[in-house]
Amino acid sequence: MFKNRKEAGQLLGEEFKEKLLEFKNVAIIALPRGGVPIAFEIAKMHKLPLDIFCVKKVGAPNNEELALGAVTEEGIGYLNQRIIIHLNIDDLQLHRLTKQKKEEVKKQAQEFRNSRPPIDLSGRSIFIVDDGIATGATMKAAIKFLKKDHNIKNIFAVAPVSSRQSYNEIINLVDDILVLETPHNFLSVGEFYLEFPQVSNKEVCEYLETSNELRRQKEKKESIRRFENEGGAIYESQDFTINKKHYHSK
């Protein structure tokens with residue numbers, strides 16, 4: 001049982017520290033909206049870049065929580081044929097449901113990115129983070145697209161808790177799946193949190209902006225450190241920066 005998403009993210013960051021720092025070129029990819037607070041804590045703890053990959057669950061008619069599958073911001077989806085056949089969902093119904101979600105996820109991605117380009121994932125080891133894995137539809141859709149259309153070095157699925165069935169399915173799709181709990185009885189993700197409020201669009205944007213600012217600060221410090229190691233020195237004031245290495249008094 002986790003207190004909230006913040007605590008769950010911190011626990012994941014501590015538990016899988018060695019794996020997160022094993023690779024040089026790492027990116028943390030959050031699945032909005034619930035995965036963002038957790039991914040933020042992991043990225044902040046280890047000073048790693050954070051981005052999102054938008055995926056929308058396609059819920060069954062009259063039961064939105066039961067996933068027929070999911071679609072990504074790029075329009076590629078994962079469908080659970082077993083559930084679709086069991087519920088006798090015809091092609092017309094399925095087309096209507098998936099079309100609606102494709103429109104929603106595209107709009108969501110535009111709002112969250114706010115004109116910021118996505119991180120280039122080529123050659124990176126990526127950790128895809130959600131707040132829990134129930135049917136695994138959203139995680140599988142993200143993995144399917146990212147494996148297909150990006151030159152990614154390694155892919156890891158990350159969540160505080162996962163159903164055992166989804167764990168066994170996803171572990172065959174990625175380099176590894178990193179979870180803290182795989183309980184026998186799994187009804188919903190929310191039952192494993194004491195506090196599980198819905199994450200708002202505004203909160204997602206704030207997490208991403210804060211993470212980007214932390215990343216800019218890190219890059220600035222690294223740039224200054226590299227310059228000083230080369231024999232230069234930087235003096236900053238409110239209005240200007242003096243590069244001592246290239247300044248010569250007359």
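Colleague: Why is C205 called partly exposed?
Modeller: Because its relative accessible area is 24%, and the partly exposed class lies between buried (under 20%) and exposed (over 50%), using a 1.4 Å probe and protein chains only. A word on the basis: this is a predicted model, where local features need pLDDT of at least 70 and side-chain atom pairs count only at pLDDT 80 or more, while totals for chains, interfaces and linings use all residues. Residues are numbered from 1 along each chain as its sequence is written, and side-chain values use heavy atoms, leaving out hydrogens and water.

Colleague: And why does C54 count as buried?
Modeller: C54 has 0% relative accessibility, so it counts as buried.

Colleague: How do you know how many disulfides there are?
Modeller: The whole structure was searched, and zero were found; a disulfide here is a pair of cysteine sulfur atoms within 2.5 Å. For C54, the nearest cysteine sulfur is that of C205, 9.8 Å away, and C54 is in no disulfide.

Colleague: What makes β3 and β5 edge strands?
Modeller: Strands are DSSP runs of E with at least two residues, helices runs of H or I with at least four, both numbered from the N terminus. Two strands pair if DSSP finds at least two bridges between them. The order of this open, antiparallel sheet is β3-β4-β5. Because β3 (55–60) and β5 (77–79) each have a single partner strand, one side of each is left without a neighbour in the sheet.

Colleague: Which helix lies across β3, β4 and β5?
Modeller: That is α5 (residues 91–113), at about 150 degrees to β3. Such angles run from 0 to 180 degrees between N-to-C directions of lines fitted to C-alpha atoms, for helices over the stretch in contact.

Colleague: What is the mean pLDDT of the protein chain?
Modeller: It is 88, and 92% of residues reach 70 or more, on the predictor's confidence scale from 0 to 100. Over residues 236–250 the pLDDT is below 50. Where pLDDT is low, the predicted coordinates should not be read in detail.

Definitions and conventions: Contact = heavy atoms within 4.5 Å.
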